[in-house]
Amino acid sequence: MEPAGSEQLREKRMAAITSVIAAVFLTVLKAVVGVMTGSLGILAEAAHSTLDLGAALLTLFAVRVSDRPADAEHPYGHGKVENLSALAETALLLATCAWIIVEALRRLARGDVEVDPSLWAFLTMAISIVVDVSRSRVLARTAKKYRSQALEADALHFSTDVWSSSVVIVGLVLVWIGQNVGGHAILARADAVAALGVAGIVIGVSLRLGRRAVDALLDAAPPGLAEEIAAAVGGVEGVHRVVQTRVRGSGSQVFVDLSVAVPRHLSFEESHAVTDQVRDAVRGLAPGADVVIHALPIAEDEGMLERILAVAAAGHFAVHNVTTHLTPEGIRIDLDLEIPPEMTFVRAHARASELEDRLRTEIGRFLQRGAGDARGVADVNVHIEPRAEVLVAGVELTPAERAEYVRRIEAVLAGVPAARRCYDVDVQRVAGGIYLAFHLQVASELSVAAVHAVTEDVENRLRRELPQLGRVVVHAEPFIVAEEE
């Protein structure tokens, strides 16, 4: 299968090449008929088509160069070549318009040029309109598909030719009327007036094209795109706000630089997941955009737990089981600190003390500034526990031993009203005791806090009944009481 990039390059080149062929045909046809009939309008159109030929050649060159991949000297690619091509086309068009206007004014002033509104003149302009309509549609479709400013400029040239050719036909009709019906002295000048009309149309289009080319070369943002991106990114979960949005175009490529504020307590993986969602949101508006995202950690709208976790994360402390409660002396913080098992107790204690100091300072400052509570932090209790860093080998119990554990569990559950049956019981002998894990059905209408209390009650009862237990994992599963009944 042909790569998508090769197909794009082939299709863009084919559109540009056929435009060159069409421009050559129209230029020769208009020049010959313009000389034969003496029509300045048709000669103006021939000059316009000559410019179209130059523009088509420039477009072909720009398309070939702009699609080259980025390299060491051009890290942002070669897309600006398309913008330079459009700017060069603008200069050529304006130069041609200056000649047309001067010649038209001279003819209007002297009125000594005879125009022959023959069938060839009308046929030439009709053929021109058909070719121009066909080429402008093909070029516009390809330009929109691949976001090519060079092809879009070329399409604009051909679509402009349609209107200018129509103006020339009107001028020739008026000249014919003057020669065959009456009013020759006035209507004979209609061809020159038509030429001025052509020049006016071309100047208007040229200025539009030139402005867009200059904007692209000066890295102007596509109109409205930055605002749309900021609005879309602001709705991504995990993004507090969009700090900065910068958008610029280079040929068909769009580059987006974003700075977004994210909660500082997020882990690296969580922050990365947020930036992935931001990138998807941007590419939903600008497909294929090159997006660079800078995530700024902030401490806005944080609760107490988030702030504690953020302090721990900033110091690279691995903590869990964080609880807080308020006393008359101030807030008390309790948590478990995971320490590598090979670390000495002295170093582990120093790490715990460092975490305690950080929490007292940061949380105390937060309480005084945010809550206006001068009591601050009353105490921080850190429980040190070794981090499990290696796989522990487990030994399966015999069926009889396992059945005995299941029986003991069911006996304990009989004394816990909120608990129902247990299943998927896993019992293994590991270093440090018996590993026990099972699923426990708990009434679905209970709150999370109530379910946690039930599982803790079950675990405590089991430990009293089975002192040899080591790690105990109770996985709560909801069930609906009405269905069971």
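Tutor: Here is a walk through that sheet, its helices and its charged pairs.

This is a predicted model, where local features need pLDDT of at least 70 and side-chain atom pairs count only at pLDDT 80 or more, while totals for chains, interfaces and linings use all residues. Residues are numbered from 1 along each chain as its sequence is written, and side-chain values use heavy atoms, with hydrogens and water left out.

Let's start with the sheet. It is open, has three strands in the order E4-E5-E6, and its pairing is mixed. Strands here are DSSP runs of E with at least two residues, helices are runs of H or I with at least four, and both are numbered from the N terminus. Two strands pair if DSSP finds at least two bridges between them. Strand E4 (318-327) and strand E6 (377-386) each have a single partner strand, so one side of each has no neighbour in the sheet. From one strand to the next, the twist averages 15°; angles run from 0 to 180 degrees between N-to-C directions, with axes being lines fitted to C-alpha atoms, for helices over the stretch in contact.

Now look at E5 and E6, which run parallel and are joined by nine bridges. Gly 330 lies in strand E5 (residues 330-339). Gly 330 counts as buried because its relative accessibility is 1%; buried means under 20% relative accessible area, exposed over 50%, and partly exposed in between, using a 1.4 Å probe and protein chains only. The C-alpha atoms of Gly 330 and Gly 376 are 5.4 Å apart, although 46 residues separate the two along the chain. Arg 332 has Asp 379 in E6 as its bridge partner. Arg 332 and Asp 379 also belong to a network of salt bridges together with Asp 357 and Arg 360. A salt bridge here is a side-chain nitrogen of Lys or Arg within 4 Å of a carboxyl oxygen of Asp or Glu.

Next come the helices. Helix H10 (residues 304-314) lies across E4 and E5, running at about 135° to E4; contact means heavy atoms within 4.5 Å. Then there is helix H11 (residues 345-371), where you'll find Glu 362. Glu 362 touches Arg 264, Arg 307 and Val 311, leaving aside residues up to four places away in sequence.

Two of those neighbours pair with Glu 362 by charge. Side chains of opposite charge can pair when their charged atoms come close. Arg 264 forms a salt bridge with Glu 362, with the closest N and O atoms 3.0 Å apart. That pair spans 98 residues, from the loop between strand E2 (253-263) and helix H9 (268-285) over to helix H11. Arg 264 is partly exposed, because its relative accessibility is 25%. Arg 307 forms a salt bridge with Glu 362 too, at 3.4 Å between the closest N and O atoms. Here the link runs between helix H10 and helix H11, 55 residues apart. Both Arg 307 and Glu 362 are buried.

Finally, Glu 356 also sits in helix H11. Glu 356 is buried but has no salt bridge, and the nearest side chain of opposite charge, Arg 360, is 4.0 Å away. For charge, Lys and Arg count as positive and Asp and Glu as negative, with His and the chain ends not counted. Glu 356 touches Val 380 and Val 382, again leaving aside residues up to four places away in sequence.
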